[in-house]
Amino acid sequence: MSSLSAPRVTRVVFLVVGIVAALLAVAPLWWILVSSLRPSAEIFSTMAPLSWRTFVPTSVDFGNYAHILSSPTVRAIVNSIVVTAITVVVGLVVNSMAAFALAALNVRGRQVIFAVVVLSFMIPFDAVAIPLSTLTRQAGLANSFVALVLPGLGNGLAIFLLRQFFLGIPSELVEAARLDGARTWTIYWQVYLPMSGGALTGAGLILFIFQWQAYIWPLLVVSDPSKDMGAVALGRLFGQYGVDWGVVFAAAVLLTIVPVLIILGFQRFLVNSVSQGAIKG
């Protein structure tokens with residue numbers, strides 16, 4: 001009897017631990033959301049001691065959101081949406097073509113190139129941001145949306161995931177296409193891409209996350225406030241002599257809504273693409 005109930009007890013324990021971990025992860029986000037609906041003077045008044053009022057507002061005030069919607073932060077959020085959308089669309093083309101070359105084309109040195117690609121996504125972007133921004137200014141691209149988009153177009157992790165997926169496409173399909181007279185571009189466009197919807201979605205999410213949360217790079221290459229990105233605009237809300245925390249939290253919530261909706265909608269494809277890449281690697 002006890003041996004039969006042991007697996008059930010184990011599942012219950014893991015379930016309880018999972019629920020507790022989820023609540024601990026969600027609690028700060030929920031507190032930020034609740035605080036954005038309070039006047040700034042009341043935000044920290046419920047923190048000591050902690051009580052249900054800390055996480056449940058007794059009244060709702062949309063003044064913080066009204067302040068944000070009438071400020072330049074809205075334009076910065078729109079800039080982030082536009083720049084991120086361009087990065088994802090163009091970046092998927094660039095990264096999928098690079099992955100196709102590394103997976104399907106028998107060229108000398110492709111293993112060395114692939115090793116460099118793998119190494120590239122292990123190096124933090126911030127480590128190369130300053131010299132790269134110097135090159136950007138020397139090229140005359142400072143204070144432009146082109147400068148914001150370019151670094152996000154080539155992503156080593158996206159290339160890695162796509163290449164691993166492409167390696168799993170049956171070679172018989174490629175040989176059949178070649179026998180029908182298909183050229184390399186046709187094989188890439190009509191054989192590989194139609195079969196790679198999940199992998200492309202996962203790679204697109206990686207490009208999206210990289211560009212949406214970018215802070216150091218926009219701060220280095222853009223000084224025109226009209227071209228601020230969302231993360232930079234959020235940082236500018238921290239004044240030298242004080243911080244209106246209600247407004248900051250409202251801006252943080254608005255900046256979080258877009259990625260949360262996108263990631264929740266496509267998380268299955270991201271998990272599948274990562275697991276497939278790990279298995280085939």
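**Exercise 1. Find how many residues of domain 1 are in contact with domain 2 in this predicted model.**

Solution. Let's start with the contact itself.
- Taking heavy atoms within 4.5 Å as the cut-off, 8 residues of domain 1 touch 7 residues of domain 2.

**Exercise 2. Work out how much area is buried between domain 1 and domain 2, and which residues of domain 1 lose the most.**

Solution. Begin with the total, then go to single residues.
- About 570 Å² is buried between the two domains.
- Carbon and sulfur atoms give 81% of that area.
- On the domain 1 side, the residues losing the most area to domain 2 are Ile32, Ser36 and Ser40, which together make up 55% of what that side buries.

**Exercise 3. Count the salt bridges and polar contacts between the domains, then describe the side of domain 1 that touches domain 2.**

Solution. Counts come before composition here.
- The number of salt bridges between domain 1 and domain 2 is 0.
- Polar contact joins 2 residue pairs across the two domains, with both residues at pLDDT 80 or more.
- Two helices, H1 (2-36) and H2 (40-43), each supply at least two residues of the side of domain 1 that touches domain 2.
- H1 gives the most to this side, with 5 residues.
- Sorted by type, the residues on this side are 5 nonpolar, 3 polar and no charged.

Definitions and conventions. Residues numbered from 1 in each chain as written. Predicted model: local features only at pLDDT ≥ 70, side-chain atom pairs only at ≥ 80, totals over all residues. Heavy atoms only, no water. Buried area = accessible area lost by both parts, 1.4 Å probe. Salt bridge = Lys/Arg side-chain N within 4 Å of Asp/Glu carboxyl O. Polar contact = N/O pair within 3.5 Å; in protein donor to acceptor, adjacent residues only side chain to side chain. Helix = DSSP H or I, 4+ residues; strand = E, 2+ residues; numbered from the N terminus. Nonpolar A, V, L, I, M, F, W, Y, C, P; charged D, E, K, R; others polar.
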